[in-house]
Amino acid sequence: MSISPEYVLQVENLNAEYNGNRALVVEQLGLREKELMGVVGANGAGKSTLVGAILNWSRGAAKVSGRVWLDGEDISSLSTPERVKRGLLLIPESQLIFHNMSVADNLAHHATSKVDGRHIYSLDDVYDLFPNLALRRDNMGWQLSGGERQMLGIARALRMAPRVLLLDEPSIGLAPKLVSAVLETVRQLADNGLTVLLIEQNVHAAIEVVDSMALLDQGHVLAKGSVDEMRGDPRIAEAYLGGEAS
Amino acid sequence: MKPLRMLSWPLMALLLLLSPTLFGGSSALYSVCTTIAIFAVMAYGLDLIVSDLGEVSLAHPVFFAVGAYTAAIASTRYGLGPIETLVLSIIVVLGVVGFIAFVTLRLHSFIFSLVTYAVTVVAMTLASNWAFLGGSDGIPGIPAFEVFGYRAVNEAQLWPIAWGLLLVTLILVVAFRRSKMGYAAMTVHLNPALARSSGISPERIRMQVFLASAPITASAGWLYAYQRAYVSADILSPYFLILMLTAVVLVGRRYILAPLAGIAIILFQERFLSYGAYVDRIILGSVLVLVLSFLPGGLVGLFRDLNRRIGRSRQPHAESQTLKT
Amino acid sequence: MNFLQHVINGLVIGHGYALIAIGWTVLLGVARLVNFGHGQMYMLGAFVTWFSMSSLGLSYWVALPIAVLVGALVGFIMQRIMLNLTIRQDLVSVMIATLGFGYILEGVAALTFGSTGQILDTPLSLRDVYWGDLWFTWQDIAVVLVTIAFFIALKLVVEHSSVGRRVRMVAEDPKLALLAGINVKWVYLGVFCFEGAAVALAAGMVAPRTPILTSMGFDEVIITFVVVVLGGIGSVTGSYLAGLGIGIFTAFFGAYVSAAYSTAAMFVLLIALLVLRPNGMTQSMARH
């Protein structure tokens with residue numbers, strides 16, 4: 001297996017384990033330019049571990065092995081901050097903003113000048129995209145609602161000029177109306193040129209916005225393909241029923 | 001392995017008792033061995049806290065000092081014999097520990113360590129200024145160790161006492177590690193949440209382990225007073241604390257003979273490879289820092305690592321590349 | 001000595017305490033590191049200043065920056081060696097390691113500077129000021145002014161600069177800071193440098209008040225500890241106020257009760273507070 005030029009983000013034999021327990025075994029996964037890929041699967045299937053492994057980041061003590069390429073560059077031996085500087089941005093599932101800082105402060109941190117090919121979202125860009133945040137710009141992180149925190153998390157990532165955006169379960173704990181709003185925004189970002197990997201337990205909502213999907217089960221990729229292909233896949237229907245609960 | 005072990009322990013203990021004699025029997029040799037035994041006992045007390053409970057107690061020099069000062073004051077001013085002074089030492093130290101434990105009961109681990117450190121510094125102030133403790137001159141003239149007619153007037157005669165104390169300490173430490181309290185302490189150390197949900201209260205265990213460990217270190221101070229025949233505030237100098245800590249981490253954690261080996265190595269360097277008091281200090285401090293930073297498994301861990309690497313280099317390796325953070 | 005003189009003394013001492021403690025509390029608030037070598041770093045700062053002036057013949061205004069640089073360098077080296085432990089948040093080992101570092105520093109200082117006490121005279125400490133019944137030196141005035149300036153500058157940097165923001169992010173959530181592209185290792189190194197520099201500055205300013213010994217430094221750790229716990233971990237304003245309070249307490253206790261036991265008394269006061277309020281110390285740098 002080797003790198004394929006069509007992929008912006010590519011992983012090969014990406015494995016992760018916690019205390020000797022295998023949590024992730026992904027042989028091959030690739031993301032094309034401007035593609036919005038949804039990764040679905042039951043709880044504990046390894047979805048969060050996947051995006052963490054791509055950045056070599058976890059809140060636990062995960063041991064990661066395997067190769068990761070971004071725009072053809074092998075970033076497997078780079079530290080997390082170095083990968084972030086190359087435009088790999090992860091918005092984790094929980095604890096995704098700085099609670100003791102104001103919204104404005106959270107957004108003040110941004111990518112510095114030269115980042116070729118990547119759009120640096122300015123404060124105005126971000127406030128246009130999320131008018132609610134503009135209204136709350138002087139509030140502290142802990143004062144925000146769940147939906148606002150999610151928006152702030154995405155906004156923070158945009159300020160870092162992402163090449164690839166990795167979203168871990170943005171819909172968790174959000175009311176259905178908010179879920180659609182958030183996912184619609186993600187779709188909008190993809191339409192504007194962003195490459196996105198979307199982790200979602202809510203298959204129902206995800207299938208409406210993604211271009212392609214991958215199904216994860218116990219750390220393995222069971223199936224992947226375009227959204228139309230996956231709609232007809234019986235295993236997705238199974239995940240559908242599992243996803244219905246949220 | 002077990003039956004062989006059962007035979008070898010008494011044999012090793014006997015060998016240990018006879019070793020100074022076998023190696024020449026000079027007074028200096030008996031002196032070094034006695035000192036090693038005393039400091040090892042001192043270190044074992046700390047070992048229970050650091051290796052088993054997993055906390056940092058910087059108050060153990062105070063326990064050591066309590067043992068020494070009690071022995072000194074009780075024997076010189078009140079004419080008590082060694083056994084009485086030992087019992088008294090233990091009572092006093094339990095009082096001190098009780099106070100510390102009461103104060104620190106609900107504190108987080110680093111504030112707890114700060115408080116123990118402060119206790120030591122305050123004790124140093126007291127020892128240097130308080131007339132009752134002899135002030136800066138200390139308490140001289142401690143009588144020779146005499147018990148049931150056995151009088152230890154020189155190093156060779158004090159050595160069996162030191163050896164006995166060391167043996168008793170080893171037995172106590174082994175018993176502790178096999179006991180319910182020892183098991184509870186390890187659980188609290190490795191997984192406080194699990195401990196709590198199993199009905200173990202980390203605070204109570206911490207207090208209990210302290211109550212068990214302080215008398216051990218105090219007894220070392222007790223015998224030290226008899227060996228030196230005087231006690232002064234320098235017994236609270238940082239040297240003893242650094243010595244204890246280094247001995248506990250140098251060889252490896254939770255090996256029963258590790259503190260003894262650690263003390264022996266350090267004292268060996270001081271007596272036979274010394275470069276002057278200040279350089280020795282730098283060496284001791286550096287050993288502590290380097291072992292903690294780069295050899296978390298101590299010397300034993302280092303040997304194991306090397307063995308593993310030698311073994312691995314003989315096999316073709318098919319392991320996947322591990323990524324750095 | 002009259003009442004007002006004690007107040008003056010207390011204020012001067014208090015500002016000194018605040019300056020001594022500030023590096024320590026920032027380190028604790030940002031990196032959750034307890035530096036037991038703090039007292040020895042203070043001692044080193046005092047001795048480097050003294051040595052530069054007495055043996056190298058440099059002026060105080062050159063000696064002080066040298067001491068600060070040496071302090072920052074020592075802090076950097078300490079953290080560089082302990083970096084694995086810091087990243088792993090193995091706080092027990094960090095505590096013991098800093099204790100070991102302190103011991104090394106004491107040995108190095110004794111070897112280089114000798115073990116006799118020295119007086120650190122500066123152009124300022126030798127100039128007295130008489131104001132009515134009150135007496136102090138220009139050094140005392142300098143301590144107060146430098147401390148105030150330092151604290152204001154620090155507060156501005158922490159709250160309004162991008163460096164300060166990065167530091168606050170690491171203080172609150174180092175893992176999330178990684179995802180924001182912040183090199184957390186460099187922040188840890190930087191904060192330790194800051195601690196080294198700040199305590200060296202404090203030493204250069206405050207040490208002229210009493211004779212200096214290479215065996216000193218323990219009292220400073222206690223005082224620092226009390227100031228930090230009282231003022232709130234990582235709190236810039238808190239350290240300032242707590243420092244002043246403790247300074248005044250020390251001045252009055254030393255004058256009316258006993259000077260030798262003032263540190264012990266401070267400690268007893270702290271113990272009483274801890275017993276009554278054991279949960280008061282969980283603030284982080286981010287709350288400054």
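Colleague: What should the 27 residues of helix α9 of chain B span at 1.5 Å a residue?
Modeller: Helix α9(B), residues 202-228, should span 39 Å. Its end C-alpha atoms are 39 Å apart, which agrees. Keep in mind that this is a predicted model.

Colleague: How many residues of α9(B) are buried?
Modeller: 20 of the 27 are buried, so α9(B) is largely enclosed by the rest of the structure.

Colleague: Next helix. Which residues of α7(B) are buried?
Modeller: Helix α7(B) covers residues 180-190, and G182(B), A184(B), A185(B) and V188(B) are buried there. Seen down the axis, the buried residues of α7(B) fall within an arc of 160°, so they line one face of the helix.

Colleague: Why would residues a few places apart point the same way?
Modeller: An α-helix has 3.6 residues a turn, so residues three or four places apart point the same way.

Colleague: Which exposed residues sit on the face of α7(B) turned away from its buried side?
Modeller: That face carries K180(B) and L190(B).

Colleague: What covers the buried residues of α7(B)?
Modeller: The cover includes α2 (27-53), α6 (155-178), α8 (192-197) and α9, each in chain B.

Colleague: Over to chain A. What is the strand order in the open sheet of 4 strands?
Modeller: The order is β2-β1-β4-β5 in chain A, and the pairing is antiparallel. At the edges stand β2(A), residues 21-32, and β5(A), residues 73-74. Each has a single partner strand, so one side of each is left without a neighbour in the sheet.

Colleague: Over how many bridges do β1(A) and β4(A) pair?
Modeller: They pair over 8 bridges, in the antiparallel sense. V11(A) stands opposite V68(A) in β4(A).

Colleague: Which strands does helix α1 of chain A touch?
Modeller: Helix α1(A), residues 47-55, packs on the sheet and touches β1, β2 and β4 of chain A. Its direction makes about 70° with that of β2(A).

Colleague: Last topic. How many residues of chain C are in contact with chain B?
Modeller: 36 residues of chain C are in contact with 30 residues of chain B. The largest share of the chain C side, 16 residues, comes from α4(C).

Colleague: How does that side of chain C divide into nonpolar, polar and charged?
Modeller: The residues of chain C that touch chain B divide into 30 nonpolar, 5 polar and 1 charged.

Conventions: Residues are numbered from 1 along each chain as its sequence is written. Chains are lettered from A and ligands numbered from 1 in the order in which they are written. This is a predicted model: local features need pLDDT of at least 70, side-chain atom pairs count only at pLDDT 80 or more; totals for chains, interfaces and linings use all residues. Helices (H or I, at least four residues) and strands (E, at least two) are DSSP runs, numbered from the N terminus. The expected span of a helix is 1.5 Å times one less than its number of residues. A residue is buried if 20 or more other C-beta atoms lie within 10 Å of its own, exposed if 12 or fewer, and partly exposed in between; C-beta atoms are placed from the backbone. The arc is that of the directions from the helix axis to the C-beta atoms. Two residues are in contact if their C-beta atoms, placed from the backbone, lie within 7 Å. Two strands pair if DSSP finds at least two bridges between them. Axes are lines fitted to C-alpha atoms, for helices over the stretch in contact, and angles run from 0 to 180 degrees between N-to-C directions. Ala, Val, Leu, Ile, Met, Phe, Trp, Tyr, Cys and Pro count as nonpolar, Asp, Glu, Lys and Arg as charged, and the others, Gly among them, as polar.
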